[in-house]
Amino acid sequence: MDPFYPLIGLLLMAFGLLGVGVAEPTLLGGHLLRVGLALLAMALGALLPPRLLLRHALGLHLFTLLLLLLVLAFGDGPGGVRRWFYLGPVAFQPSELAKLSLVFYLASFVGRKGHDNPILGPALLVGGTVGLVLVEPDFATALFLFTLGALLFILAGVPWRRLIAIALAGLLVISPFSGVYLKRFAYVSERFSGFLSYLKGEASPKEAAYQVLQAQKAILMAGPLGQGPGATLLHLPQAHNDMVFASLVYATGWLGGLVVLFLYFLLFLKGFHLSLRLQGPESLVAMGLTLYLTLQAAINIGVTLGFLPVTGVPLPLISYGGSSLLVSGLALGILTRLSWEASRKGVVRWSS
């Protein structure tokens, strides 16, 4: 078994424990439990044959869509949002599972139908997934799912003429509802206006950009080697989740932050190399899961450093939370299995 992915996962989770411990010491015990569950999910992913998941990819994604529908009816969350199922102390967010199921569904479709086949059906499923997440509401995750789906279509070699035609059709469908959506869920436009305030150097504690300013202060105060795991962090909203990168840098210093960036960079290089060693849909799965982990990390860190508007997207394998840790751990386990099969067989060929 290739030790690379488990080692990367353990290192990132260890940084997560440091970040959460500095941000919210009272949550450290719960986060440690979630890390243990993520490690079990990683082990499960390493045991699951990718061909089995590809064979049942459509059913898995339809099940995820059902969960997204049910969470709109029976889910809960702060401020009236409906994103989580609460089962006692356990909370599950179906939109996190959608990131995984979307990769497998699109890879399976391309493997069965070929890259030049009409993609109206998959495009509608992607659009339906994005739409259900939008109305939770979770604009950032919906945009991430849309971007991930578009990148997978491009990597699969779907002709640009089909992609452009579907994109234009989608714009015509959603444009009439955009004003209603932004009025109904004002937080979306508020985050963009807050980002503009940040760029102008004007951000009040009531604005989302205040998080970014506080995160930057924490990073500057960290110094080269950090303040240590027992340090007291300044006031930073969502320091254990959305802004956990600032927390772990505060604890471990600029050196620790660079190590985390390097780990994600290694993860991207390894996944890219793995996708080249594989063939068919498994190659697309390897690249899709790699993009899911590293692109989401880039977005989260970009927000923390002030390059992007505040999104609320967690830092994979590091942020506090059950659903994100479980799904990212499962994805890392699947990559471990793909790497093992590629090494064992030289090149993996998939057949239905």
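Tutor: A term to begin with: helices (H or I, at least four residues) and strands (E, at least two) are DSSP runs, numbered from the N terminus. The model is predicted, so to speak of local features we need pLDDT of at least 70, and side-chain atom pairs count only at pLDDT 80 or more, while totals for chains, interfaces and linings use all residues. Residues are numbered from 1 along each chain as its sequence is written, and side-chain values use heavy atoms, with hydrogens and water left out.

Student: How many helices and strands does the protein have?
Tutor: The protein has 13 helices and two strands.

Student: What share of the residues is buried?
Tutor: Of 352 residues, 51% count as buried. Buried means under 20% relative accessible area, exposed over 50%, and partly exposed in between (1.4 Å probe, protein chains only).

Student: Let's pick a helix. What about α7?
Tutor: Helix α7 covers residues 139–155, 17 residues in total. From first C-alpha to last it reaches 24 Å, close to the 24 Å expected at 1.5 Å a residue. That expected span is 1.5 Å times one less than the number of residues.

Student: Which residues of α7 are buried?
Tutor: Among them are Phe144, Leu145, Leu148, Leu152 and Phe153. Thr141 and Gly149 are also on that list.

Student: And what follows α7?
Tutor: Gly157 does, with a positive phi near 90°.

Student: New topic. Where is Thr290, and is it buried or exposed?
Tutor: Thr290 lies in helix α12, residues 281–304. It counts as buried because its relative accessibility is 1%.

Student: What is Thr290 in contact with?
Tutor: Leaving aside neighbours within four places in sequence, Thr290 is in contact with Leu267, Phe268, Gly271, Leu295 and Leu335. Contact means heavy atoms within 4.5 Å.

Student: How far apart are Arg344 and Met1?
Tutor: In sequence, 343 residues; in space, 9.4 Å, C-alpha to C-alpha. Arg344 sits in helix α13, residues 322–345. Arg344 counts as partly exposed because its relative accessible area is 48%.

Student: What about contacts across the whole protein?
Tutor: Take contacts between residues at least 6 apart in sequence: 74% of them join residues at least 24 apart.

Student: How much accessible surface does the protein have?
Tutor: About 15900 Å², of which 71% belongs to carbon and sulfur atoms. Those areas come from the Shrake-Rupley method with a 1.4 Å probe; for residues, only the protein chains shown count as cover.
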